[in-house]
Amino acid sequence: MSEVFVIVEHRLGEIRDITLEMLWKAGELAQEHSYNVTAILLGHEVSSIAETISDRADKIIISDDEQLKNFNADIYKEIIAGLIEESKPGLILIGNTAWGMELAPCLAVRTGFPLATDCIDITFKDGKLTVQRQMFSGKIFSNVSFSSSAGCLLTIRSGVFPKDRIGDRQAQIVQREFSLKEIPQKKDFIEFVETAAGDVDIAQAELLVSVGRGIGEEENISLVRELAEALNGLLSCSRPIVDKNWLPKYLQVGSSGKSVNPKVYVAVGISGAFQHLQGITGAGTVIAINKDPKAPIFRAADYGIVGDLFKIIPVLKEKVLETRKG
Ligand SMILES: Cc1cc2nc3c(=O)[nH]c(=O)nc-3n(C[C@H](O)[C@H](O)[C@H](O)COP(=O)(O)OP(=O)(O)OC[C@H]3O[C@@H](n4cnc5c(N)ncnc54)[C@H](O)[C@@H]3O)c2cc1C
């Protein structure tokens with residue numbers, strides 16, 4: 001194998017973090033094994049996106065067409081399958097996102113390549129590709145290898161790799177045109193619906209204060225929200241808080257919520273079930289506040305405070321505000 005394809009994901013003119021994360025991993029593999037990293041960028045008026053990643057890939061293949069303005073798996077599949085046929089990359093990385101979960105399976109059928117979804121690591125040893133996936137809601141880590149194939153498709157979980165640049169590359173830009181009218185399309189893009197004003201994306205937050213069932217009652221959540229605000233962070237939560245309709249689903253961290261990668265993650269009254277921990281593997285410093293010293297969250301935490309959150313949070317908030325004033 002000599003080439004890794006990274007399918008660039010973007011929305012409304014902005015590159016998605018998953019692309020930078022995949023480029024980081026592709027760059028690491030490229031450094032170790034002298035592969036070339038090729039980014040595939042399909043869209044309309046995407047030159048600023050190409051600019052953003054020009055030092056992270058050896059080549060960027062761009063197809064700029066108004067018809068590519070919005071993601072359409074039917075069109076993407078045909079274009080990417082054609083590029084795969086031409087360049088024969090050994091590995092194709094796609095985000096395990098709403099886009100990727102639609103694109104990757106049809107690309108696998110179209111190319112005949114094996115597909116492993118929601119991968120959390122990739123290694124090559126003696127030329128053999130192994131990926132790591134979680135099974136049974138994270139109880140088991142499985143190392144998956146592939147039977148012989150010209151190439152493999154992987155979807156990559158968000159937040160498991162850094163967004164940083166790795167190595168020093170200068171991409172050759174290759175503009176391509178495709179005859180899109182001939183591609184049969186089963187779907188039409190209607191409109192992009194923005195999340196309601198005031199909504200937040202916890203996956204992008206640098207600091208999260210997360211509230212769990214230990215909060216007891218809905219009205220107590222304001223206590224944790226105030227701490228999050230004092231720290232200039234965002235409020236997030238565990239699943240029971242969403243199940244009770246106390247906070248919206250988009251604030252849920254974990255396997256059936258969002259994977260987050262803040263620099264600091266504060267878990268308040270959260271036990272640390274593996275489904276929750278799965279969502280914070282990309283977090284930097286984890287601080288846990290829990291009255292049970294045996295709570296599993298302490299095994300994942302860098303700092304732990306054992307005690308009653310109703311006593312700890314107000315003091316902590318005051319200290320933070322005092323420090324900010326001083
Ligand atoms: C398929 C599946 C997917 C799931 N996905 C997710 C997911 O995405 N995210 C998620 O979070 N969960 C998920 N879960 C649920 C998960 O298994 C746990 O049930 C959940 O994470 C527990 O949430 P919690 O820690 O807030 O509550 P609990 O487990 O009830 O923990 C509450 C904690 O608060 C502490 N506490 C209580 N009172 C206080 C106090 N006064 N001061 C300090 N500490 C206190 C307790 O000691 C306890 O550790 C999923 C489950 C399944 C089956």
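Colleague: Why does Thr-97 count as buried?

Modeller: Buried means under 20% relative accessible area, exposed means over 50%, and partly exposed is in between (1.4 Å probe, protein chains only). Thr-97 has 13% relative accessibility, so it goes down as buried. Before we go on, this is a predicted model, where local features need pLDDT of at least 70, side-chain atom pairs count only at pLDDT 80 or more, and totals for chains, interfaces and linings use all residues. Residues are numbered from 1 along each chain as its sequence is written, and side-chain values use heavy atoms, with hydrogens and water left out.

Colleague: Where does Thr-97 lie, and what does Thr-97 touch?

Modeller: Thr-97 is in the loop between strand 6 and helix 4. Helices (H or I, at least four residues) and strands (E, at least two) are DSSP runs, numbered from the N terminus. Not counting residues up to four places away in sequence, Thr-97 touches Glu-9, Ile-18 and Ser-158; contact means heavy atoms within 4.5 Å.

Colleague: What caps the N-terminal end of helix 3?

Modeller: Asn-72 does, with a side-chain oxygen 2.9 Å from the backbone nitrogen of Asp-74. Just past the other end, Lys-88 takes a positive phi of about 55 degrees.

Colleague: Which residues of helix 3 are buried, and what covers them?

Modeller: Among them are Ala-73, Ile-75, Tyr-76, Ile-79 and Leu-83. The cover includes strand 1 (3-7), strand 5 (59-64) and helix 4 (98-111).

Colleague: What makes strand 8 and strand 10 edge strands?

Modeller: Two strands pair if DSSP finds at least two bridges between them. Strand 8 and strand 9 are joined by five bridges and run antiparallel. The open sheet has the order 8-9-10, with antiparallel pairing. Strand 8 (121-125) and strand 10 (140-145) each have a single partner strand, so one side of each lacks a neighbour in the sheet.

Colleague: How many residues are in the largest nonpolar core?

Modeller: It has 39, and Val-209 and Tyr-265 are among those with the most contacts inside it. A nonpolar core is a set of buried Ala, Val, Leu, Ile, Met, Phe, Trp, Tyr and Cys residues joined through side-chain atoms within 4.5 Å. Helix 5 gives the most to this core, with five residues.

Notes:
A polar contact is a pair of N or O atoms within 3.5 Å; within protein, one must be able to donate a hydrogen and the other to accept it, and residues adjacent in sequence count only if both atoms are side-chain atoms.
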